[in-house]
Amino acid sequence: MQRYQGRRRKRGVYIGPAHILLLLLVVAIVGLGLFMLSRAGGDKKPEPPVDNDSTQTPSADGKDNSSGGSDPLPGSLTTTSGIPCTLTDLGADAVYTGDLVLVNNWTFFHFPADQEQQLRCVLDNKTGSYFVKDSTVNLLPHALDALNAMMDAFHAQGGSKSVNVVAGHRTEEFQQHLFDQSAERNGLEHAEKYVAKPGGSEHHTGLVVDFSILHSDGSSEEYKGAGEYAWINENCQNYGYVVRYETGKEDLTGIWDEPWHFRYIGIPHAVEAAARDLCLEEYIDYLKQFTFDKDHLTIQCGDGTYEVWYAQGTQAYIPDSGEYTVSGNNVDGVVVTCKVQ
Ligand SMILES: [Zn+2]
């Protein structure tokens, strides 16, 4: 605060008593005016220095003020189902990696540097319950395991072995190629409507498969998820997959109905999203209400019971032990999914 404003007195040269009175009055008015000005102006200018050494400093230093308050969060807390957790800074990459990352034409995938090394060739690792186009189709290991389990179950309940996996992971360059090819053949408008932009394809995640039907005579057919294949579209959530693009959700996903495109998000989340008929865009929003300080989401599925909570930013309460996963949503935070013992 600028508390001291200099008061200046002018020296008069030969002045009468009336003038002195008038002069005193003027000095008083000017003095009062200056004082008022110093208060009004002083409230604005000195503000930054005041902020620097008081309340704003902790959150400014911490960078992440997502918790809303300036009080430090407790280092350890236990969830309602008895899971002891520790507040952990997961690092910036945490928001962009994991099974729940949302990828669409306006939420681009962040390509991890080591993705190539993580991918597995489907042809070399698949069961005999389905076909795969060729050795170029790759998936992340757990998505591949889930695919094997799903297709084995489909076959075990009477399904034929004619499902052909025609796409898995795609690089950014390959998606660019697909986009350009579509634009060349059908025009830019068509490409923008039906083909994801490079960076905006879920196939970049290594958690996605596209199916086709391969008949015994060598002919192929578009996979529609109908007839005997309806079992896959109706039960895929029990293996961690969701039918990503469905009729009625085009405005949210930006992609037209694609019954052949399956996205792995993990069993509990796939079961919950399917039960609530939420596409991934909606599901990511839905999860945001379950912050650590509020009621957590409980998911009961064939795989067990899970407790789920969301944290904005990169700081989250992480279980001290037990079976759990942490996934970014690729938007603004992370989701912790913990199996309840
Ligand atoms: Zn696809």
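Which residues does Tyr241 touch, not counting residues up to four places away in sequence? In this predicted model, Tyr241 touches Ala146, Met150, Cys236, Phe262, Arg263, Tyr264 and Ala270.

## Overview and confidence

The chain has 341 residues, of which 31% count as buried. Its secondary structure consists of 12 helices and 15 strands. When contacts between residues at least 6 apart in sequence are considered, 63% of them join residues at least 24 apart.

The average pLDDT of the chain is 85, and 79% of the residues score at least 70. Residues 1-13 have a pLDDT below 50, and this stretch has 11 contacts in the model beyond near neighbours in sequence. Residues 33-67 also have a pLDDT below 50; beyond near neighbours in sequence, that stretch has 20 contacts in the model. Where pLDDT is low, the predicted coordinates should not be read in detail.

## The largest nonpolar core

The largest nonpolar core holds 64 residues, and the members that touch the most others are Met150 and Tyr241. Helix 6, which spans residues 141-156, contributes the most to this core, with seven residues. Met150 is also one of the residues that Tyr241 touches. In soluble globular proteins, nonpolar side chains tend to be buried together.

Four strands form an open sheet, arranged in the order 11-12-15-14 with antiparallel pairing. Strand 11 (297-301) and strand 14 (324-328) are its edge strands, since each pairs on one side only. From one strand to the next, the twist averages 20 degrees.

Strand 11 pairs with strand 12 (residues 304-312) in the antiparallel sense, over five bridges. Within this part of the sheet, Thr298 stands opposite Glu307 in strand 12.

Helix 11 (residues 267-275) lies across strand 11, strand 12 and strand 15 (333-339). Its direction is at about 95 degrees to strand 11.

In helix 12 (residues 280-287), the residues Leu280, Tyr283, Ile284 and Leu287 are buried. These four residues lie on the same side of helix 12 because they cover an arc of only 100 degrees around the axis. The elements that cover the buried residues of helix 12 include strand 9 (241-245), strand 10 (258-264) and helix 11. Strand 11, strand 12 and strand 15 are also among the covering elements.

Methods
Residues are numbered from 1 along each chain as its sequence is written. This is a predicted model: local features need pLDDT of at least 70, side-chain atom pairs count only at pLDDT 80 or more; totals for chains, interfaces and linings use all residues. Helices (H or I, at least four residues) and strands (E, at least two) are DSSP runs, numbered from the N terminus. A residue is buried if 20 or more other C-beta atoms lie within 10 Å of its own, exposed if 12 or fewer, and partly exposed in between; C-beta atoms are placed from the backbone. Two residues are in contact if their C-beta atoms, placed from the backbone, lie within 7 Å. A nonpolar core is a set of buried Ala, Val, Leu, Ile, Met, Phe, Trp, Tyr and Cys residues joined through C-beta atoms within 7 Å. Two strands pair if DSSP finds at least two bridges between them. Axes are lines fitted to C-alpha atoms, for helices over the stretch in contact, and angles run from 0 to 180 degrees between N-to-C directions. pLDDT is the predictor's confidence in each residue, from 0 to 100. The arc is that of the directions from the helix axis to the C-beta atoms.
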